[in-house]
Amino acid sequence: GVILLSAVTGGTHDGTVRDAPIEAITAPSLLILHRQDGCVSSRSEAALRTLADQMKKSSSTVLLLAGGHDEGEGTGRAAACHPKSFHGFNGIDDLLASDILLWIESKI
């Protein structure tokens, strides 16, 4: 399977997940986003759902999580994309791991 966390679906200077041949993915996919992700490149639920739709050969599951702590340092993109922000699922590691394991178990 394929698991994408905070997938970069919006434009950046260094590319997005759409630069990969996503239409060719046949393995089941789990796309996970934090509801409060502040990263301008990965915060769009609509863009993530569009990505899932574009993965036509894959059975895609979109999972939205909430909770945790935003401890991103500073302001702007650096803070929003910090590993200790919602973008990095800070404070909900156990929930994230549990949800991933449940999804994997459902596929095997």
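Which residues does Leu-48 touch, not counting residues up to four places away in sequence? In this predicted model, local features need pLDDT of at least 70 and side-chain atom pairs count only at pLDDT 80 or more, while totals for chains, interfaces and linings use all residues. Residues are numbered from 1 along each chain as its sequence is written, and side-chain values use heavy atoms, with hydrogens and water left out. With that exclusion, Leu-48 is in contact (heavy atoms within 4.5 Å) with Ala-7, Thr-9, Leu-31, Ile-32, Leu-33 and Val-62.

Leu-48 also belongs to the largest nonpolar core, a set of 11 residues that includes Ala-7, Leu-31, Leu-33 and Val-62. Such a core joins buried Ala, Val, Leu, Ile, Met, Phe, Trp, Tyr and Cys residues through side-chain atoms within 4.5 Å; buried means under 20% relative accessible area, exposed over 50% and partly exposed in between (1.4 Å probe, protein chains only). Strand S2 (29-34), helix H1 (45-54) and strand S3 (60-65) each give two or more residues to this core, and H1 gives the most, with three. Helices (H or I, at least four residues) and strands (E, at least two) are DSSP runs, numbered from the N terminus. A second, separate core has eight residues, among them Leu-30, Leu-65, Phe-89 and Ile-92.

Turning to H1 itself, its buried residues are Ala-47, Leu-48, Leu-51 and Ala-52. They lie on the same side of H1 because they cover an arc of only 145° around the axis, taken from the directions from the helix axis to the C-beta atoms. These buried residues pack against strand S1 (2-5), S2 and S3, whereas the face turned away from the buried side carries the exposed Ala-46 and Asp-53.
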